[in-house]
Amino acid sequence: MSSFLPAVAVLLVALLCLDLHSRVASAPICTHGPSGCHVLSLADLFDRVIQHSARMHSLSNDLHSEFEQYFLPSKNHIGKIYHKCHTSSILTPNGKENAQKLAREELTEVILKLLMAWRDPLFQLHQSMAHQQDFNSFSSNKALEMGDMAHELRKGVEKVAERMRVLGMLGNSVTGLSAAEAMLPISDSGEAMSNYELLYCFRRDSNKVQNYLKILKCRIVPEHDC
Amino acid sequence: SFYSPRGPHFTGCRSREQETFRCWWSAGIFQNLTEPGTLRVFYQTKNALSEWQECPDYTHTVKNECYFNKTFTHIWTSYCIQLRSVRENITYDETCFTVENIVHPDPPIGLNWTLLNVSHSGLHFDILVRWAPPPSADVQMGWMSLMYQVQYRVRNASHWEMLDLESGTQQSIYGLHTDKEYEVRVRCKMSAFNNFGEFSDSILVHVAQIPSKESTFPTTLVLIFGVIGLVILLVLLIFSQQQRLMVIFLPPIPAPKIKGIDPELLKNGKLDQLNSLLSSQDMYKPDFYHEDPWVEFIQLDLDDPAEKNESSDTQHLLGLSRSGSSHVLHFKSDDDSGRASCYDPEIPNPEDLAALLPGHSGRGDNHPLVSRSSSSIPDLGVQQTSEVEETPIQTQPAVPSWVNMDFYAQVSDFTPAGGVVLSPGQLNSSPEKKKEEENEKKIPFQLVSDGAYTSENTARQLSADVPPSPGPEQGYQTFPTQAVEGNLWNGEYLVSTSDSQIPYLLPEAPPVPILPPVSGYTVVQEVDAQHSLLLNPPSSQPAICPHSPNKHLPAMPTMPMGYLTPDLLGNLTP
């Protein structure tokens, strides 16, 4: 034991002499641009964001199918009652050409608006699904995951937009980025939308987001046959 | 809707690339409406709350088809279409949908296969199937992300094998049989949607079987025979080495065993035998005696005169105060180590003897029963005289009455504290009378040196004046043995000499009637093989000296015959 005492003493002295005010912080790796390290390219960023949106849309489709199968068996697969979604007020391009004709800034803005509009409704959806006894835990977990994905996707798209602005791809006429606001899912009659309506609407909007991102990427990052 | 089969109704709406779509209807059984133009399609897009508009393009080449081109196709928009008869102003059918939900992609193109490998046996092969996405679908931009499904079957079979959905444009098929013709086809759908498109055209896959030179038959046969031979060998080995294997795998459990005892006897033996057996074990004997608190070895000792001043145990026992004039029976506890029985005793000092003569009262420290030095043990042949101190009786009126007591003292009671209460032996009528008798009575005797009681002979002679009366109430009995030879003890004993060597014998000592031996005190004659003590019979034959061989006690020179101590008992062997 006596042999350990000098080592312990040295260690104590060393600890005392250390600068205790030094803080641990993450230093940016790539401080000098692409020469020093590997920076994620815009194309890679877009790919990641697009993958994420695809997963989100797949989840929404699964939930919607489950709901349709177990709760609304009377509906045939063609005839759908028109649901007015709360995001209908957002003007979105209805086709590929329309989306291609839209400016990058506007397209980005639309994407961000959509994602922002779904932040609270998705949370409400998960809450109501978790409380209802009809849904099993698997479905409510999917709803929760969906909400998280929407949140992450929004963050990702914001990063992409930031990168585009830094790279000068977005003009100064971007006004909508800060104007994205949360919206309450209220139907025409003023009542809260049902779970099925929410699922229906989100499925549609997630498909929109996915396709818009693809179009945007094709326009920002020029590839062959794009 | 499709729920009115009789009248005119829509038969379906489809989009191939999510940019345009078509709808078809049928006139049904109403034959008068089959003419073109009688039935018309109106549509409404729900998001704009627009008016009902008529079909933008009735396809000329196809009957009863309405085509919506890119201009009129709005994705993520609900459409409602109606089938009307304008003339009658009847709406026969109506349906609503959104375009992305009616997308059925075109089938993939360019389906082909390549051989991956053929198995060693030549019976199976694997292939890789490739295709290209439908050209109408804009997959480069990602407007449509497709998932593909490959199916195959043996040609003209009824059941198609389905593989998992594939997002790429190639897939492997494993485990196909040679010499069989297979059909392979593929279809696709939009990912996250459930509408499959049409199947592509099937392709034929066939690999001819290469006849292998080596036959598989002997190999299998050799393997089977080898296994059988091995099994037979193993069985033979087990049967031949059965005993050894049993010992190795199932070792025998040791039976319970006590050393020196036959387990069969334990099972079947009688209780006596068991008791004797168990008691013969060494482990039992020493504890028995050590725990016995009542056994005390009161020893007579031939003390040195200097030791006479010490108070004896008996003094403490009887509660007597120690005084110089007290003629206390000087008991000295001595360890009962083995002593030779045929010792030459110390010749008593004639001065001492003289001092003990009656009349001599100076020596108050003399005792009526003199205990000489402990080292000397009187032999049978040698008589050691000791004097009876009469004078103390005369000159010491305060002599306790117990002095007149015979040499044996019976323990009559025990105090709660564990003390021993001795009952005085033969007390005569009056102390005075006793004294007179004592004056006349001088019983020379030889004292036992150590570790033993006095014999009955001496006891009798001590109390010769006492009329012996049988009966246990006296406390002890005296044996009317005549001679010293009746004494079985080898070593320590009190020998009363009836001879007139000592001039103090009472001549008038009445002949003591011979009484039959009764219980109370008994001399242990011998210990037989089963460790039972054989007591002294009435007409006991003398076993004088240990030199006379006693076959039951072979090599016991140091054993006092009258009393067996426990550790001496341990030396006895059955």
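In this predicted model, the torsion about the S-S bond of Cys13(B) and Cys23(B) is about 110°, so the disulfide is right-handed. The sulfur atoms of Cys13(B) and Cys23(B) lie 1.9 Å apart, and the pair links distant parts of the chain, with Cys13(B) in strand E1 (residues 9-14) of chain B and Cys23(B) in strand E2 (residues 21-26) of chain B, 10 residues apart. Cys13(B) counts as buried at 8% relative accessibility, and Cys23(B) counts as buried at 0%.

Chain B also holds a disulfide between Cys55(B) and Cys66(B), in which the sulfur atoms are 1.8 Å apart. Here the torsion about the S-S bond is about 115°, so this disulfide is right-handed. The pair links distant parts of the chain, since Cys55(B) belongs to the loop between strand E4 (53-54) and strand E5 (65-68) of chain B, while Cys66(B) is in strand E5 of chain B, 11 residues apart. Cys55(B) is buried, with a relative accessible area of 7%, and Cys66(B) is likewise buried, with a value of 0%. Another cysteine of this chain, Cys188(B), counts as buried at 0% relative accessibility.

In chain A, a disulfide joins Cys85(A) to Cys201(A), with an S to S distance of 1.8 Å. The torsion about the S-S bond of Cys85(A) and Cys201(A) is about -90°, so the disulfide is left-handed. Because Cys85(A) lies in the loop between helix H2 (42-71) and helix H3 (96-101) of chain A, and Cys201(A) in helix H7 (residues 195-220) of chain A, the pair ties together parts that are 116 residues apart in sequence. Both ends are buried, Cys85(A) at 3% relative accessibility and Cys201(A) at 0%. Over all chains the count comes to four disulfides, among them the pairs tabulated here.

| Disulfide | S to S distance | Torsion about the S-S bond |
|---|---|---|
| Cys85(A) and Cys201(A) | 1.8 Å | about -90° |
| Cys13(B) and Cys23(B) | 1.9 Å | about 110° |
| Cys55(B) and Cys66(B) | 1.8 Å | about 115° |

Helix H2 of chain A is also the place of Ser53(A), a residue that counts as buried at 0% relative accessibility. The side chain of Ser53(A) reaches the backbone oxygen of Ile50(A) at 2.7 Å. When its neighbours within four places in sequence are left aside, Ser53(A) is in contact with Leu153(A), Val209(A), Gln210(A) and Leu213(A).

The remaining topic is a sheet in chain B. Strands of a sheet pair through backbone hydrogen bonds, either parallel or antiparallel. In chain B, three strands form an open sheet in the order E8-E9-E12, and their pairing is antiparallel. Strand E8 (109-118) and strand E12 (170-177) of chain B stand at the edges and have a single partner strand each, so one side of each is left without a neighbour in the sheet. From one strand to the next, the twist averages 25°. Strand E9 (residues 124-132) of chain B pairs with E12(B) in the antiparallel sense over six bridges, and within this part of the sheet Phe125(B) stands opposite Leu176(B) in E12(B).

Terms used:
Residues numbered from 1 in each chain as written. Chains lettered and ligands numbered in written order. Predicted model: local features only at pLDDT ≥ 70, side-chain atom pairs only at ≥ 80, totals over all residues. Heavy atoms only, no water. Pairing = 2+ DSSP bridges. Helix = DSSP H or I, 4+ residues; strand = E, 2+ residues; numbered from the N terminus. Axes fitted to C-alpha atoms, helices over the stretch in contact; angles between N-to-C directions. Disulfide = S-S within 2.5 Å. Buried < 20%, exposed > 50% of the residue type's maximum accessible area, 1.4 Å probe, protein only. Polar contact = N/O pair within 3.5 Å; in protein donor to acceptor, adjacent residues only side chain to side chain. Contact = heavy atoms within 4.5 Å.
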